[in-house]
Amino acid sequence: MDLVELLPERLYQFAFPVGHAYLWRGPDGLTIVDTGLPGSAPLIAAAIESLGLDRRDVRNLLLTHAHPDHTGAAADIAAWGDVTVHAHAGDAEAVRGRAAVPPPVLDGWERDLYEQVHATLPDAPAPPARVDRELRDGDVVDLGGGVTATAVEVPGHTPGSVAFHLPGPGVLFTGDTIARAPDGTVIPGVFNADPGRVAESFRRQAALRPATVCFGHGAPLTDQAARLLTDAAPR
């Protein structure tokens with residue numbers, strides 16, 4: 001895992017081989033967005049400490065959806081201290097381990113890619129994690145220092161997929177509803193439970209015109225992000 005600074009002393013990427021996670025540094029504590037695969041917590045803790053910070057200062061854990069490459073370390077991180085775990089109501093029971101996430105509806109070309117990707121992932125599911133707050137569209141999470149994160153319902157990848165928009169600094173966390181290919185192309189996310197809803201979820205996020213876009217898969221956008229997202233949005 002690599003630690004990448006995206007906004008000086010404020011926003012960092014935990015760049016994993018699969019399933020990126022992010023850190024927002026506020027004056028009143030830390031916020032983590034997604035957690036990577038099971039076993040990622042020690043890597044995230046070490047990265048936090050490399051910044052001269054303490055894992056016990058994490059106050060919020062925001063989960064974009066219930067797939068194990070995003071919730072794998074949620075239970076571990078939730079136990080670090082006074083952490084509030086936020087997830088959308090549509091995926092909350094899956095995060096808790098009480099329900100299954102609907103399987104993806106795969107288009108022809110996606111089948112081979114799905115098999116290749118999942119051949120490299122652990123067979124074990126993510127450990128169940130608690131959810132302290134079930135989010136709905138428009139709910140706001142206070143990140144401290146006057147910065148808030150607004151929950152934006154973006155179903156399609158999973159029923160409870162949620163993006164998080166920080167309107168003040170113009171940051172958007174998309175989860176897996178939007179991705180960035182290795183060549184830099186911005187694309188709709190793949191392996192979707194309800195492909196018919198993905199296009200509208202993409203357009204809804206593009207309309208926010210963020211300055212920085214953080215994907216679950218692929219390099220973040222830090223330059224001309226609003227234009228590139230709008231140009232890539234399905235018509």
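A residue counts as buried when its relative accessible area is under 20%, and as exposed when that value is over 50%. This is a predicted model. The points below concern helix 1, which spans residues 41-50, and strand 6, which spans residues 84-88.

**Helix 1**

- The buried residues of helix 1 are Ala 41, Ile 44, Ala 45, Ala 47 and Ile 48.
- These residues lie on the same side of helix 1, because they cover an arc of only 160° around its axis.
- An α-helix has 3.6 residues a turn, so residues three or four places apart point the same way.
- Pro 42 and Ser 50 are exposed on the other side of helix 1.
- Just after helix 1, Gly 52 has a positive phi of about 80°.

**What covers helix 1**

**Strand 6 and its partners**

- Four of the five residues of strand 6 are buried, which leaves this strand mostly covered.
- Strand 5 (residues 58-62) runs parallel to strand 6, and three bridges join the two.
- Within this pairing, Leu 62 has His 86 of strand 6 as its bridge partner.
- Strand 7 (residues 133-135) also pairs with strand 6 in the parallel sense, over three bridges.
- Leu 135 in strand 7 stands opposite His 88.

Notes. Residues numbered from 1 in each chain as written. Predicted model: local features only at pLDDT ≥ 70, side-chain atom pairs only at ≥ 80, totals over all residues. Heavy atoms only, no water. Buried < 20%, exposed > 50% of the residue type's maximum accessible area, 1.4 Å probe, protein only. Pairing = 2+ DSSP bridges. Arc of directions from axis to C-beta.
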